[in-house]
Amino acid sequence: MSVMTTIAAVRSFHPARSPRRAPRPRVVMTAVRSSTISAHPILTKLQRDCATPLPVLRHVSDAMAADMRDGLAADGGSDLKMILSYVDALPTGNEKGLFYALDLGGTNFRVLRVQLGGKSERVVATEFEQVSIPSELMFGTSEELFDFIASGLAKFANEEAGKFLFDQMGRTRELGFTFSFPVKQTSIDSGILIKWTKGFAVSGTAGKDVVSCLNEAMERLGMNMRVSALVNDTVGTLAGARYWDDDVMVAVILGTGTNACYVERVEAIPKLLLDPNSKSGSMIVNTEWGAFANGIPLTEFDREMDAESINPGEQIFEKTISGMYLGEIARRVLLKMAKEDRIFGESVPEKLQTPYSLRTPDICAIQQDSSKDFEVVGSILHEVSGVNSNPSSRKIVMDVCDTIAKRGGRLAGAGIVGILQKMEGDTKGVIFGKRTVVAMDGGLYEHYPQYRNYLQEAVTELLGVEASKNIVIEHSKDGSGIGAALLAATNSMYEH
């Protein structure tokens, strides 16, 4: 595989860069001097500030568990929102029939259908389609947006054929709606929009039930379909993984952003009035763990990035472990090295000074380089940051990337152990006495092997070799879409 093919393959897991103005002419270096010795103090300090020895990991996992309890006691009780999903029944494998899912979380939405065949056949067939949302609808009215989504869904539903069979006997098609914007969920099939994010500024939706908005749009088109489950992507991932493995208790998304959810006992949720109609005595809780901030080791580069972000002082855990930010932290370190130690020569290219120009897929590709003289690193630095480099400076760059990935992966592992500790602390033996599966999804986890290894390493360190053998951390690719359809089936108004 060529150097550039390798780069392209590793980079593909992350969204494309935001459009930027045309770059100025590249600065051409006439010479690049080696500054290995003078660059080391910055690298050494970075490694010290990012260090996650066992006591730090233990503090993070203990604080995560404590914040979870406080967040379950009352809304606003901790940095963790601990949002109730009202998913109190998970797929069993007995589900049968044709079900749909709609995933709305950005500038595209995805529609999916799945034919379920019960225990014997499981997933008979799946089919999906992705639709781009016109930019004007992102700033239009609520009715315009949901009418557009409903029309795309209607077109997709009209193409049912082959293995997809719907029982027409007086039935309505049922849909799982993955809605990745802030909502106050009030039941399994209702949720009030708190605010639009991700560039949306749709009028007339805030304070309204998004399920009603979609159901009404489908009714206007005369569609024979209704929403039977409203979920977020993390909850969908847990449900999708649980369908295949009854031991799944936790789901974590590690991609551009990050989140985690888990199965909680209803009696362990003080802020929830006990529901006598709960099907299982348990409920999936969405932690929104990106907001966690207790005891996280931070550097000057983290603080600068946070101060210049759109949400200063918020989402600190997310800013140290997720794909949106790891590359930017590395860029800031390299920029300081370029300015103060001139590791890339006398000039500092403008590209290197552009925020978010170095992305997490780039630092991932850098860490995969095993070529002579780190040629892949040199190619990436030249293409992305406009710098020329030598083997000595490339090695420093690799060490910077590894330091940031190591901290991120190990903190994510400590967060997972915090969730497991909270569950085990309430009911001894529920977690550590048996096989427990943590379902993972997201491009960062899937495509960054060093990050993934550091995460597993931290889990093993915290739990010990023997106890950690029972904790299975498993990739569940694209589980959220099928998971939403499965939750529509689980919460169906009809018997399977």
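Strand 11 (residues 282-286) is largely enclosed by the rest of the structure, because five of its five residues are buried, where buried means under 20% relative accessible area, exposed over 50% and partly exposed in between, with a 1.4 Å probe and protein chains only. Strands, like helices, are DSSP runs numbered from the N terminus (E, at least two residues, for strands; H or I, at least four residues, for helices). From strand 11, S282, I284 and N286 point one way while M283 and V285 point the other way, and all are buried.

This is a predicted model, in which local features need pLDDT of at least 70 and side-chain atom pairs count only at pLDDT 80 or more, whereas totals for chains, interfaces and linings use all residues. Residues are numbered from 1 along each chain as its sequence is written, and side-chain values use heavy atoms, with hydrogens and water left out.

An open sheet of six strands has the order 1-11-10-9-12-13 with mixed pairing, two strands being paired if DSSP finds at least two bridges between them. Strand 1 (83-84) and strand 13 (471-475) stand at the edges with a single partner strand each, so one side of each is left without a neighbour in the sheet.

Strand 11 runs antiparallel to strand 1, to which two bridges join it, and antiparallel to strand 10, with five bridges. V285 in strand 11 stands opposite L84 and is also the bridge partner of Y262. Strand 12 (residues 436-441) and strand 13, by contrast, pair in the parallel sense over five bridges, and here A439 stands opposite E474 of strand 13. Helix 13 packs on the sheet, where it touches strand 9 (248-254), strand 10 (258-265), strand 12 and strand 13, and its direction makes about 10° with that of strand 10. Helix 15 also packs on the sheet, touching strand 9, strand 12 and strand 13, with a direction at about 165° to that of strand 13.

## Helix 12 against helix 13

The axes of helix 12 (residues 375-385) and helix 13 come within 9 Å and cross at roughly 85°; such axes are lines fitted to C-alpha atoms, for helices over the stretch in contact, and angles run from 0 to 180 degrees between N-to-C directions. That makes helix 12 roughly perpendicular to helix 13, a class that covers 65 to 115 degrees, while angles under 35 count as roughly parallel, over 145 as roughly antiparallel and the rest as oblique.

In this packing, E375, V377, G378 and L381 of helix 12 meet R394, V397 and M398 of helix 13, contact meaning heavy atoms within 4.5 Å.

## Salt bridges

The structure holds 25 salt bridges, each defined as a side-chain nitrogen of Lys or Arg within 4 Å of a carboxyl oxygen of Asp or Glu. One of them joins R410 and E461, whose closest N and O atoms are 2.8 Å apart. This pair links distant parts of the chain, with R410 in helix 13 (residues 391-426) and E461 in helix 15 (residues 449-463), 51 residues apart. R410 is buried at a relative accessible area of 4%, whereas E461 is partly exposed at 34%. Salt bridges that share partners also join E308, E328, R331 and R332 into one network.

D189 forms a salt bridge with R226, with 3.6 Å between the closest N and O atoms.
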